[in-house]
Amino acid sequence: MGRDIVLAKIKKGGITAVVGGAVLMLIFGLITIGVMSDNADDGMGMIILFGLFALLGIVFIIMGIRNIVRPEKNVYLKNNPQLLEMADQLYSHIIYEDQYVLISDKVLANKKQPTQMTWLWDVYLIYLHTTSTNFIPTGSEYVIENRFPKNRVAINVLARGKKSKQELLNVLAQACPNARFGYSDEGLAYLQYMRNQDLRNIPNTPYYQGVPVQMQDNVQQ
């Protein structure tokens, strides 16, 4: 089932965290021993520094073990309580797949990060977010804002051409009937407004019963 894929992904991340924490403690432990043997005067400072990194390593290990033993308690499930239900629906009804996304008749997911999922009708705003350092691009992703603020889906499109980005945008536009596009004051206001609406008043949801929210098509980057 789809939930098994998601839980396996969380467990894999837990293993990575445990290994990373152990390696961090080992490396800085060896560095501390080496510095102390060469210069005893710096011993106390290095012990304090090692203690800080050891604490960080322990945190990684604890978090990793928790994700391995109790993956259902992971932060992804706290941010999206319906994640496992979405996963079951998605992987049993996939109708579209490319290098970026998986889409069923009800769910959209980040293909490379299957813990990021949302109901199609819950997507309200999609925009391109870019970052740079010294005018050198360091990040570019389509951010998919949905009903739950902490359940943001981000699809990495760094080093992808304009045509590839536009093709992805077209796919998202067809899949998400309640979405607006582009980062703007109007888009953010719409996002907040839709999040406050009763699902029974939002078209294209399984719960729709009321007067439709006024929407418009505005597909742009």
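These questions and answers set the values of this predicted model against their definitions.

Residues are numbered from 1 along each chain as its sequence is written. In this predicted model, local features need pLDDT of at least 70, side-chain atom pairs count only at pLDDT 80 or more, totals for chains, interfaces and linings use all residues, and side-chain values rest on heavy atoms, without hydrogens or water.

Q: What makes up the protein chain, in helices and strands?
A: The protein chain has 6 helices and 8 strands. Helices (H or I, at least four residues) and strands (E, at least two) are DSSP runs, numbered from the N terminus. Along the sequence the pattern is α-α-α-α-β-β-β-β-β-β-β-α-β-α.

Q: Why is Leu83 called buried?
A: Buried means under 20% relative accessible area, exposed over 50%, partly exposed in between (1.4 Å probe, protein chains only). Leu83 has a relative accessible area of 0%, so Leu83 is buried. Leu83 is found in helix H4 (residues 83-92).

Q: What does Leu83 touch, not counting residues up to four places away in sequence?
A: Leu83 touches Val6, Tyr76, Leu77, Pro114, Thr115 and Met117 on that count. Contact means heavy atoms within 4.5 Å. Leu83 and Gly2 are 81 residues apart in sequence, and their C-alpha atoms are 9.8 Å apart in space.

Q: Why does Val23 count as partly exposed?
A: Val23 has 39% relative accessibility, so Val23 counts as partly exposed. The place of Val23 is in helix H1.

Q: What makes the nonpolar patch on the surface?
A: Ile15, Val19, Val23, Ile27, Ile31, Ile65, Ile68 and Val69 form the patch. Patches take residues with over 30% relative accessible area and no salt bridge; like charges are joined within 9 Å, nonpolar side chains (Val, Leu, Ile, Met, Phe, Trp, Tyr) within 5 Å. A salt bridge is a side-chain nitrogen of Lys or Arg within 4 Å of a carboxyl oxygen of Asp or Glu. Together the patch residues have about 650 Å² of accessible area. Accessible areas come from the Shrake-Rupley method with a 1.4 Å probe; for residues, only the protein chains shown count as cover.

Q: Which helices supply the nonpolar patch with at least two residues each?
A: Helix H1 (2-38) and helix H2 (43-69) do. H1 gives the most, with 5 residues.

Q: How do you know that S1 and S2 pair?
A: Two strands pair if DSSP finds at least two bridges between them. Strand S1 (residues 94-97) and S2 are joined by 3 bridges and run antiparallel. In S2, Leu102 is the bridge partner of Glu97. S1 and S2 form a hairpin with 3 residues between them.

Q: What joins S2 to S3?
A: A hairpin does, through 2 residues. S2 and strand S3 (residues 107-110) pair over 3 bridges in the antiparallel sense. In S3, the bridge partner of Leu102 is Ala109.

Q: Why do S7 and S8 stand at the edges?
A: The open sheet has 4 strands in the order S7-S6-S5-S8, with mixed pairing. Strand S7 (153-156) and strand S8 (180-181) each have a single partner strand, so one side of each has no neighbour in the sheet.

Q: How many bridges join S5 to S6?
A: 10 bridges join strand S5 (residues 123-133) to strand S6 (residues 136-146), and the two run antiparallel. Ser140 in S6 is the bridge partner of Thr130.
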